[in-house]
Amino acid sequence: MWARLHSSIMYSVVLSGLVTIVPFTASLADAQEEAAAGAVADTSERERDLRGQLQNILRELDELQQQPAAGAAATPAQPSVVKELSESKGQEAIPQFELADVSIVSDRVQRRPEGITLSATEQSETESQPTRTLRESMESLPGVVLRQANGPRDFSISIRGSGVKTSFAVREIKMYEDGFIQTQSDGLSRLDIHDPWFMRSVEVTRGASSSLYDNYALGGMVHFRTRRGSDINGMESFISGGSYGYQKYAFAVGQQFTNVDISLFGSHVSEDGFIRHSDYSTQTMNFNFRVKVDDKQNLYFKAITNWLNSRVPTRLTIDQFNADHRQAGGINNATNPVLLAQRRLDRRNIIGGMYERQIDANTVLTMEADYDVKDINQTFTQITDNINPNYKHYTDLRHDGRLFDMPLRSYVGFFVNQMEQEGQTFNNLQDFFGTRGTLAQNSRGTIRNIGGRFREELQFLPKWTLAAGLGFEQSQLSVQTINYTAGAVSGRAGAERSFSNWAPEMSISWKPTDGYRHWVRASTGYAIPGFSNLLTNPFTGLAGTNFDLKPQKNLNVELGTESRLHKTLTVQLVGFVTFVKDEIISQVVSNTGGQAAINADSSQYRGIELFYDWRPLDGLRFSGAYTHIDARYINFSDQFLSGGLPTAFVRDGKVVPNVPTDTFNFKESYDHSGSGWGGWVEVNYMNSYFLNNNNTVGIPAFVIANLNIHKNFEFHNNKWIRFAKFFAEIDNIADKKYAASGNVVADSTADANKTLFFAGYGRSIYAGVTLGLF
């Protein structure tokens, strides 16, 4: 209860702070209105001119890299936040990876880590398509797959096949927003808290990255960047609506001053849902305050809060999908979503700060700390009430120097975090109201992670860079449970476990000329089990214990190239092999509605990723992303109840379930700068793939086409309205019936009764407008 009280107090503090700061900002804006008027730049032609000038400047800086650059920051291991002039677009010369940015609080150049595979969404995608979910913009990135989980914006993210062996949330991938860690200490991340309309871009590092981002970075890292006050420079309002009762209302207030950049976002989204029993309502607030204290010191304050009230259907069997793909699902009373009144009532609050100091011309210190509390009340076969207060901190020291006249970027970092859990699980009375019955389990646990890392990047020859890094982390996990049967204590169990993990990484990259980069990389990742894995019975998936679960580790080997074949055509091609040890496979037990976890001794993922970006004419763009993955178990004995007894089944050589073999995204867009008109057509293809370890049932292949038109108006002489951006969109033009999302299903249930997938939305029409005010 103390943690729940802390959550309420923190929420009150955040709101009070906003109430105090917003009037202050308004008065500051009045005081500086005349001085700031000339600094407000249009976001059309002028912005493009400035970006072109910036590209040329950064290219020259890169050419001067052979000499020590005063104030040049070294390679960041954590995503940049306070200062964000990262790898220049001009150096990489790949429009897909537009990572250059000018910080309002620093003029230093900060480069991304060398030898990694990285891609990013463009801000223009969000502007022309104010997406309902992050899937709509992120599916254009190679190697990345998003699929519906158990909420409106709750999608699982897969990078190179990782993160798909769970039926909810995001696992096996480290997530950040503006440099603040969004992944809690037990490895759980949720997309509910990230509103796509707030975003400037989303950057994805593909491949195991625990040497850079520590625990849970098995598949890589996702970094969400919100728009800054300088991107808004006033107030914006947004309203949209569409099929199946969808409606969204949002606002953004932001301004850049001499030494301050401030932004505040808010949104309300609700929908009846395409599938019955899937209506929801969610509200999100996101506040950012950046200040340049002096020439050497910078501060950044951030606060996020999200409320969610969502009803949740049950995934369908094959027969149910064929009969009525919009039904709520359920094969018995224990899985009937209407009888159980399945729903999520969740709240998440994050508040944190970051301090940066330039120690000398080539050394920068960054310190981050945040408090992150998750309060969930979820009603399914059993009803779970959990609260997870989480404290997180990291300190980075970056230095740009030389070794025997060779440029050397050095990084050393330290981190510590702790999360507690207080949880209760009740039996569901199955009375259509989600009434709590007898107590099934009490649990309390703590996860503590502490570690450090270092990285060196040496340009040992002109255009050749050797990068090597090493991370170490010590994790302490403590769990105590009391289990109940018919309301009486049936057992007490506890576990004290300690995990030590090392994460080495090495890469060599070669940049023969402007616009070309080739690299080979070997990297590792690790992830310890989370509370949800350890506190469920490994056979039924209901409340219990699974304390023998092992941490999972992987080794990623990749060979890649980014090539500007022509001034209008850029291609990225990457081949990879990932070896996984003790992979945690979470399986839905269809007849109980629970989810059980088991280790697969060894598995292997092999694949290729292809991306192209062709801009033959001004405003015309063709882009596409293709990913192929062959994922197989090397050594795995599946285990589930057969005839009421635990039984092992050998799965060696079987395809790892829920990993799409082929995905393809194609997009053709055109924007006419003179008239403000634009539009695009998009096609998404996903091949069929298995959903169980025995490879007997799966999800069918599908092709979906979407269409968008948009029109921008700019009002240069109107002091009330600066611009208006209208859009209209049709998704699933052909009204294709398809299964959009599956999960791994235990073979303890016959194939006909396996609850496999959610249906994708039918033909949907959406429209809306963004107004730039004041």
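This passage describes the fold, the confidence and selected local features of one predicted chain.

The model is predicted: local features need pLDDT of at least 70, side-chain atom pairs count only at pLDDT 80 or more, and totals for chains, interfaces and linings use all residues. Residues are numbered from 1 along each chain as its sequence is written, and side-chain values use heavy atoms, with hydrogens and water left out.

The chain contains 11 helices and 35 strands. Helices (H or I, at least four residues) and strands (E, at least two) are DSSP runs, numbered from the N terminus. Of the 774 residues, 60% are buried. Buried means under 20% relative accessible area, exposed over 50%, and partly exposed in between, with a 1.4 Å probe and protein chains only. The accessible surface is about 28,200 Å². Carbon and sulfur atoms account for 60% of that surface. Areas come from the Shrake-Rupley method with a 1.4 Å probe; for residues, only the protein chains shown count as cover. A contact means heavy atoms within 4.5 Å. Among contacts between residues at least 6 apart in sequence, 67% join residues at least 24 apart.

Confidence is given by pLDDT, the predictor's confidence in each residue, from 0 to 100. Its mean over the chain is 86, and 85% of residues reach 70 or more. Residues 1–45 have pLDDT below 50, and this stretch has 49 contacts in the model beyond near neighbours in sequence. Residues 80–107 also stay under 50. For them the model has 117 contacts beyond four places in sequence.

Met138 lies in helix α6, which covers residues 135–138. Met138 counts as buried because its relative accessibility is 0%. Beyond four places in sequence, Met138 contacts Thr121, Val144, Leu146, Ile157, Val202, Val204, Val222 and Phe224. Ser119 is 19 residues away along the chain, and its C-alpha atom is 9.9 Å from that of Met138.

Strands β18 (residues 464–485) and β19 (residues 488–510) pair in the antiparallel sense over 22 bridges. Two strands pair if DSSP finds at least two bridges between them. Thr481 has Ala493 in β19 as its bridge partner. The hairpin of β18 and β19 has two residues between the strands, and Ala486 takes a positive phi near 55°.

Strand β19 also pairs with β20 (residues 516–527), in the antiparallel sense over six bridges. Here Trp510 stands opposite His518 in β20. Five residues separate β19 and β20 in their hairpin. Gly515, in that turn, has a positive phi of about 95°. In a regular strand, side chains alternate between the two faces of the sheet.
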